[in-house]
Amino acid sequence: MVRGKLHEASLISDTTDRNIKVTNEKNKCRFCDSALEQTFVDLGMSPLANSYLKAEQLQQMEPFYPLHAYICESCYLVQLPIFESPDKIFGDYAYFSSYSESWLKHAQTYTNLMIERFGFNSDSKVIEIASNDGYLLQYFKERGIPVLGIEPAKNVAKAAEDAGIPTMIKFFSTQTAMELASEGIYADLLIGNNVLAHVPDINDFVRGMRIILKPNGVITMEFPHLMPLINENQFDTIYHEHFSYFSFITVEKIFANHGLTIFDINEIPTHGGSLRIYARHSEDTSKQVGQRVTDLKNREKAVGFTRIDYYLSFSEKVKETKRRILAFLIEAKRDGKSIVGYGAPAKGNTLLNYCGIRSDFIDYTVDRSPHKQGLYLPGTHIPIYHPDKIKETKPDYLVILPWNLKEEIMDQMSYIRDWGGKFVVFIPEVKVYE
């Protein structure tokens, strides 16, 4: 456990984190403060993507919020306005990373890569921001490397603590970083996997990372890359938990603004196409900026990431994708086919709500996580069952909502072919797998 006043801080989220001002009176860029006037895509009204419902809540009023993404004409940051505080969204979280076998494998591979490349050992300190249930830090701990997780969701952090991963239950911020620094806690490796998009105050967050990074330390951040989001019509990755959507050009500006230099990049397949960036203190000249950084910047510029018209063309592609999804479902139901879903991911809830898909099209969905079973999807109220339900009903089509895990899921559920069942994915386009 974290000792002293940090242990006390781990018992509750900091009140200043809970009371982050939520206002949309001035629609300004969260990085450069420019006015946001250009629409990237408007996905209508949608509930919070991870606010799963209990049966007794189905007859109660359910809050919906505008899911309208804007593009900043100054820094090209794609972003959503804030409609709910992070404490409301992440206070009790339904996503546990350890239930995805492919994600665990990704975490273990990452651990081995970091140790091999940078030589981390028992004298090092690895800190992960948004450490979830300890899915990643467990592998560093197995190698004898001291770790610390920082996780705002109490229920998820408890799972990490139960697994022996010391965890602060807090939102990471400049204030959190200063508290850590006052205890002499600094990172040789500072990790943030799929958290950068979740940050409402991006400047405060990156400033905090600089504070707790050792002079020769390394930051790695993984986040979905805006390039495949646009190219592959991945509009369903837009939801209220994801405040920002990053190109490399924009994220480099943000880090540089806070004295951090990105010196390397890996383009990785997770979440439909992500970036892993490697950053250091700008004063740390021991790590030279690599060719991959220059190459990716040039590719993004060539595609159009520094032209506003490139972003404005996305909206119509999304509308056409919606029309094709509904056309498939309507035809299948008219032919008397039964359709169920696999998974209850946040991205699926964006897609289902935007397209207006309820139990009139999809009878139910299933999920391996016991934390979601017995609940209902937000907005659409589609029930969530254990995967064994599929063997009982033998559906004609199984729609894979977490399409980024389709190979893993098709392998797990291959038995549906025994009765002629077929797999379906909707992103980047409707495709049926027999």
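Q: How many bridges join strand β12 to strand β13?
A: This is a predicted model, in which local features need pLDDT of at least 70, side-chain atom pairs count only at pLDDT 80 or more, and totals for chains, interfaces and linings use all residues. Residues are numbered from 1 along each chain as its sequence is written, and side-chain values use heavy atoms, with hydrogens and water left out. Strands (E, at least two residues) and helices (H or I, at least four) are DSSP runs numbered from the N terminus, and two strands pair if DSSP finds at least two bridges between them. Strands β12 (residues 339–342) and β13 (residues 365–366) run parallel, and the number of bridges joining them is 2.

Q: Which residue in β11 stands opposite I265?
A: β10 (residues 260–268) and β11 (residues 274–281) pair in the antiparallel sense over 8 bridges. They form a hairpin with 5 residues between them, and H271 in the turn has a positive phi of about 55°. The residue opposite I265 is I277.

Q: Within what arc do the buried residues of α4 fall?
A: Buried means under 20% relative accessible area, exposed over 50%, and partly exposed in between (1.4 Å probe, protein chains only). In α4, the buried residues are W103, L104, H106, A107, Y110, T111, M114 and I115. Seen down the helix axis, they line one face of α4, because the directions from the axis to their C-beta atoms fall within an arc of 160°.

Q: Which elements do the buried residues of α4 pack against?
A: K105 and E116 are exposed on the other side of α4. Contact means heavy atoms within 4.5 Å. The packing partners of the buried residues are α5 (137–142), β7 (187–193), β8 (213–224), β10 and β11.

Q: With which side chain does the side chain of N233 make a polar contact?
A: N233 is found in the loop between α9 (226–231) and β9 (244–245), and is buried with a relative accessible area of 12%. A polar contact is a pair of N or O atoms within 3.5 Å; within protein, one must be able to donate a hydrogen and the other to accept it, and residues adjacent in sequence count only if both atoms are side-chain atoms. At 3.4 Å, the partner is the side chain of T321.
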